[in-house]
Amino acid sequence: MSDFYRFPAMAKLGEWTNEQQADKVRGESLEACNALWDYDMGARFGKPDTTKRRTAYGMELMDVIHAVETALRMEFSDAEVGGLRDAVEDKNRKRGYY
(Lines give C-alpha, C1' and ligand atoms only; values in the text may rest on other atoms or scores of the structure.)
Protein backbone atom coordinates (compact mmCIF):
# COMPACT_ATOMS: atom_id res chain seq x y z
CA MET A 1 0.00 0.00 0.00
CA SER A 2 1.19 3.49 -0.85
CA ASP A 3 2.10 5.95 1.89
CA PHE A 4 0.92 8.75 -0.41
CA TYR A 5 -2.78 8.61 0.45
CA ARG A 6 -4.32 10.23 3.49
CA PHE A 7 -7.77 8.63 3.18
CA PRO A 8 -8.80 4.98 2.87
CA ALA A 9 -9.88 3.74 -0.53
CA MET A 10 -13.59 3.97 -1.29
CA ALA A 11 -15.41 0.66 -0.77
CA LYS A 12 -17.03 0.63 -4.22
CA LEU A 13 -14.21 2.23 -6.20
CA GLY A 14 -15.12 0.64 -9.54
CA GLU A 15 -18.75 1.71 -9.62
CA TRP A 16 -18.22 5.00 -11.44
CA THR A 17 -16.18 6.32 -14.31
CA ASN A 18 -13.18 8.63 -14.43
CA GLU A 19 -15.45 11.30 -15.89
CA GLN A 20 -17.87 10.97 -12.97
CA GLN A 21 -15.00 11.20 -10.49
CA ALA A 22 -13.53 14.23 -12.25
CA ASP A 23 -16.97 15.83 -11.94
CA LYS A 24 -16.90 14.97 -8.23
CA VAL A 25 -13.53 16.73 -7.91
CA ARG A 26 -15.05 19.78 -9.64
CA GLY A 27 -18.07 19.74 -7.34
CA GLU A 28 -15.98 19.43 -4.20
CA SER A 29 -13.74 22.28 -5.42
CA LEU A 30 -16.78 24.49 -5.89
CA GLU A 31 -17.99 23.59 -2.41
CA ALA A 32 -14.58 24.61 -1.03
CA CYS A 33 -14.79 27.94 -2.89
CA ASN A 34 -18.28 28.54 -1.51
CA ALA A 35 -17.16 27.67 2.03
CA LEU A 36 -14.23 30.08 1.72
CA TRP A 37 -16.57 32.83 0.59
CA ASP A 38 -18.88 32.10 3.53
CA TYR A 39 -15.93 32.10 5.94
CA ASP A 40 -14.53 35.33 4.48
CA MET A 41 -17.89 37.11 4.61
CA GLY A 42 -18.43 35.94 8.18
CA ALA A 43 -15.01 37.26 9.20
CA ARG A 44 -15.50 40.56 7.38
CA PHE A 45 -18.86 41.24 8.92
CA GLY A 46 -18.13 39.98 12.42
CA LYS A 47 -20.40 36.95 12.44
CA PRO A 48 -20.16 35.05 15.73
CA ASP A 49 -19.65 31.64 14.08
CA THR A 50 -16.37 32.40 12.28
CA THR A 51 -14.66 29.35 13.84
CA LYS A 52 -17.46 27.10 12.58
CA ARG A 53 -17.18 28.62 9.09
CA ARG A 54 -13.40 28.14 9.11
CA THR A 55 -13.83 24.49 10.08
CA ALA A 56 -16.39 24.02 7.30
CA TYR A 57 -13.90 25.47 4.80
CA GLY A 58 -11.19 23.10 6.04
CA MET A 59 -13.51 20.11 5.76
CA GLU A 60 -14.40 21.05 2.19
CA LEU A 61 -10.69 21.23 1.34
CA MET A 62 -10.29 17.74 2.79
CA ASP A 63 -13.21 16.58 0.62
CA VAL A 64 -11.28 17.88 -2.40
CA ILE A 65 -8.21 15.88 -1.36
CA HIS A 66 -10.33 12.77 -0.84
CA ALA A 67 -12.00 13.12 -4.24
CA VAL A 68 -8.63 13.63 -5.96
CA GLU A 69 -7.13 10.63 -4.16
CA THR A 70 -10.06 8.54 -5.39
CA ALA A 71 -9.50 9.76 -8.95
CA LEU A 72 -5.80 8.84 -8.73
CA ARG A 73 -6.62 5.38 -7.37
CA MET A 74 -9.07 4.81 -10.20
CA GLU A 75 -6.47 5.40 -12.92
CA PHE A 76 -2.94 4.98 -11.60
CA SER A 77 -0.90 2.38 -9.72
CA ASP A 78 0.89 3.31 -6.51
CA ALA A 79 4.19 3.42 -8.41
CA GLU A 80 2.70 5.74 -11.05
CA VAL A 81 1.29 8.03 -8.35
CA GLY A 82 4.74 8.28 -6.78
CA GLY A 83 6.26 9.19 -10.13
CA LEU A 84 3.56 11.76 -10.82
CA ARG A 85 4.09 13.36 -7.43
CA ASP A 86 7.84 13.54 -8.02
CA ALA A 87 7.28 15.07 -11.47
CA VAL A 88 4.92 17.72 -10.09
CA GLU A 89 7.34 18.59 -7.29
CA ASP A 90 10.16 18.90 -9.82
CA LYS A 91 8.03 21.09 -12.10
CA ASN A 92 7.00 23.34 -9.20
CA ARG A 93 10.55 23.54 -7.83
CA LYS A 94 11.73 24.74 -11.26
CA ARG A 95 8.99 27.38 -11.18
CA GLY A 96 10.29 28.64 -7.84
CA TYR A 97 7.23 27.61 -5.82
CA TYR A 98 9.28 25.95 -3.07
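Trainee: In what order do the elements of the protein run from the N terminus on?

Mentor: This is a predicted model, where local features need pLDDT of at least 70, side-chain atom pairs count only at pLDDT 80 or more, and totals for chains, interfaces and linings use all residues. Residues are numbered from 1 along each chain as its sequence is written, and side-chain values use heavy atoms, with hydrogens and water left out. Helices (H or I, at least four residues) and strands (E, at least two) are DSSP runs, numbered from the N terminus. The protein has three helices and zero strands, and the order is α-α-α.

Trainee: What radius of gyration does the protein have?

Mentor: The radius is taken over C-alpha atoms, and the globule rule is 2.2 Å times the number of residues to the power 0.38. The C-alpha trace spans about 50 × 40 × 25 Å along its principal axes. For a compact globule of 98 residues the radius would be near 13 Å, but the protein has 16 Å.

Trainee: What percentage of the 98 residues is buried?

Mentor: Buried means under 20% relative accessible area, exposed over 50%, and partly exposed in between (1.4 Å probe, protein chains only). Of the 98 residues in the protein, the buried share is 20%.

Trainee: What share of the contacts with a separation of 6 or more comes from residues 24 or more positions apart?

Mentor: Contact means heavy atoms within 4.5 Å. Take the contacts with a separation of 6 or more; residues 24 or more positions apart account for 73%.

Trainee: How many salt bridges does a search of the whole structure find?

Mentor: A salt bridge is a side-chain nitrogen of Lys or Arg within 4 Å of a carboxyl oxygen of Asp or Glu. The search of the whole structure gives nine.

Trainee: Which residue meets Asp38 in a salt bridge?

Mentor: The N to O distance of this bridge is 2.7 Å. Asp38 lies in helix H1 (residues 18–44) and its partner in helix H2 (residues 50–75), so the pair ties together parts that are 15 residues apart in sequence. The two C-alpha atoms are separated by 6.8 Å. The partner of Asp38 is Arg53.

Trainee: Is Arg53 buried or exposed?

Mentor: Compare the two ends of the bridge. Asp38 has 33% relative accessibility and counts as partly exposed. Arg53 has 15% relative accessibility, so it counts as buried.

Trainee: Which residue forms a salt bridge with Arg85?

Mentor: The closest N and O atoms of this pair are 3.0 Å apart. Both residues lie in helix H3 (residues 78–94), and being four residues apart, they are separated by about one helical turn. Arg85 is partly exposed at 41% relative accessibility. Its partner is Glu89.

Trainee: How far apart are the closest N and O atoms of Glu89 and Arg93?

Mentor: Both lie in helix H3, four residues apart, about one turn of the helix. Glu89 is partly exposed at 24% relative accessibility, and Arg93 is partly exposed at 47%. Their salt bridge has closest N and O atoms 3.8 Å apart.

Trainee: Which residues do salt bridges that share partners join into one network?

Mentor: Shared partners link the bridges here. The network joins Asp38, Asp49 and Arg53.

Trainee: Which residues does Asn92 contact, leaving aside its neighbours within four places in sequence?

Mentor: Asn92 lies in helix H3. It is buried, with a relative accessible area of 13%. With those neighbours left aside, Asn92 is in contact with Tyr97 and Tyr98.
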